[in-house]
Amino acid sequence: MYEKDGEKYFVVDGHTHFWDASPQNWVPGQEEYAKGWIECFHAYQGLGPPDTHWPIDRFQKYSEELMMHDLFEVGHVDKAIFQPTNLRQWYVDGFNTTEADGAMAERHPGRFLVNTTFDPREGEAGMRAFEERVKRYGCKGVKLYTAEWRGDSRGWSLKDPEAARYLEKCEELGVRNIHVHKGPTIWPLDKDAFDVSDIDYVATNFQGLNFIVEHVGLPRIEDFCFMATQERNVYAGLAVVVGGLMHARPKFFAKVMGELMFWLGEDKLIFGADYAIWEPRWQVEGFVDWTMPADDELSDFAPLTVVQKKKILGLNAARLYDIDVPAELRVEDAPVVEPVGVPGP
């Protein structure tokens, strides 16, 4: 729990990782891509405050103890949600897998929720393995990487018939929260495969599922907002928005937050620190302190209230994941502020 100026914040980090990108885990013959991927990730860390930058060897493979320290001892995080990314084409044991996340969660009960993933290109065998992981780890969500390479394939679309079968299985299993990476490209993946254009198709077809668009489609923020405002079950995942923009691009950060609040509203924004690219502490503290700048170019946007920040930092994710919030940290009696964008049906 974070406390500032007499206000208490229940923090759910909706986007965290425990990865291994060390050279020992690189697939022989794929070293160029494994190395390039993690170096691109590491470059993004440079968008945070200088005193939070890590050397590349620590960034490639950090310890469990360091992660627990950075999130729960000094990072103000109450609950964290693991979001896996397999990348087995480049990493022998996978980059950031459900199995590694699940094992860590079991060693630290009550701290983490474990999401899993699926790839519709894996067919029936993948479907069976997906169902087994959901049951094994009690997953309430998935993280999807539509640009991930598999053999000669350099991505897939949520519009694919095979993807629909997996989403139907999610409905059947109660996996309600579908996190989809739609944002900045990480080398060598293709930008077009991260486009937000397939989100509204599945959001309309699967209205019993919540689609959390991670990284809000950046740099396609307007495409995302104009789509998300008409879909009642589309949410904005703020990983990269806070970590990548609040410090390095404060004016752009203000514009992005203003657009998200205008079109989606406070109840559909989900905080995520995107560890270990960025540590949560400076993001939580900075977001609580942040206010919309007094700038003519930003005059369309209202400042965020304390209640709105509490929802974004944790209460919205707690609602989606049925996380029990201590009574003194809830804001149920606060009025819901509707976005002023185009309403959904």
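Student: In which loop is Asp5 found?

Tutor: Asp5 sits in the loop between β1 (2-4) and β2 (7-9); helices here are DSSP runs of H or I with at least four residues, strands are runs of E with at least two, and both are numbered from the N terminus. The model is a predicted one, in which local features need pLDDT of at least 70 and side-chain atom pairs count only at pLDDT 80 or more, whereas totals for chains, interfaces and linings use all residues. Residues are numbered from 1 along each chain as its sequence is written, and side-chain values use heavy atoms, with hydrogens and water left out.

Student: What is the phi of Asp5, and is the residue buried or exposed?

Tutor: Most residues other than glycine have a negative phi, and most peptide bonds are trans. Asp5 is not a glycine, yet its phi is positive, about 55°. Its relative accessibility is 73%, so Asp5 counts as exposed; the cut-offs for relative accessible area are under 20% for buried and over 50% for exposed, with partly exposed in between (1.4 Å probe, protein chains only).

Student: How does Asp274 read, buried or exposed?

Tutor: Asp274, in the loop between β10 and α11, also is not a glycine and has a positive phi, about 65°. Asp274 has a relative accessible area of 3% and is buried.

Student: How many residues does helix α1 have, and what does it reach from end to end?

Tutor: The expected span of a helix is 1.5 Å times one less than its number of residues. Helix α1 (residues 31-45) has 15 residues and reaches 21 Å between its first and last C-alpha, close to the 21 Å expected. Its buried residues are Ala34, Gly36, Trp37, Ile38, Cys40, Phe41 and Gln45. Helix α2 (56-60) is part of what covers them.

Student: What does His53 contact, leaving aside its neighbours within four places in sequence?

Tutor: Contact means heavy atoms within 4.5 Å. On that basis His53 is in contact with Gln45, Gly46 and Gly48, neighbours within four places aside. His53 lies in the loop between α1 and α2 and, at 34% relative accessibility, counts as partly exposed. Its C-alpha is 8.3 Å from that of Trp278, a residue 225 places away along the chain.

Student: How do the axes of α4 and α5 cross?

Tutor: Two packed helices are described by the angle between their axes and the distance between the axes. Helix α4 (residues 98-107) and helix α5 (residues 123-137) have axes that come within 11 Å and cross at roughly 10°. The two are therefore roughly parallel. In α4, Thr98, Glu99, Gly102, Ala103 and Glu106 meet Arg133, Arg136 and Tyr137 of α5.

Student: Is Thr98 buried or exposed?

Tutor: Thr98, which lies in α4, counts as buried because its relative accessibility is 1%. Not counting residues up to four places away in sequence, Thr98 touches Pro84, Val114, Asn115, Thr116, Thr117, Arg133 and Tyr137.

Student: Which residues touch the most other members of the largest nonpolar core?

Tutor: In soluble globular proteins, nonpolar side chains tend to be buried together. A nonpolar core is a set of buried Ala, Val, Leu, Ile, Met, Phe, Trp, Tyr and Cys residues joined through side-chain atoms within 4.5 Å. The largest one here has 102 residues, of which Trp37, Tyr91, Phe112, Phe224, Met257 and Leu260 touch the most other members. Helix α10 (residues 250-263) gives this core its largest share, seven residues. Another core, of 16 residues, lies apart from it and includes Val12, Ile81, Leu113 and Ile212.

Student: Which residues of α10 are buried, and what covers them?

Tutor: They are Phe253, Ala254, Val256, Met257, Gly258, Glu259, Leu260, Met261 and Trp263. Their cover includes α8 (221-228), β9 (234-237), α9 (241-245), β10 (269-270), α11 (280-289) and α12 (306-321). After α10 comes Gly265, with a positive phi near 95°.

Key: Axes fitted to C-alpha atoms, helices over the stretch in contact; angles between N-to-C directions. Parallel < 35°, antiparallel > 145°, perpendicular 65-115°, else oblique.
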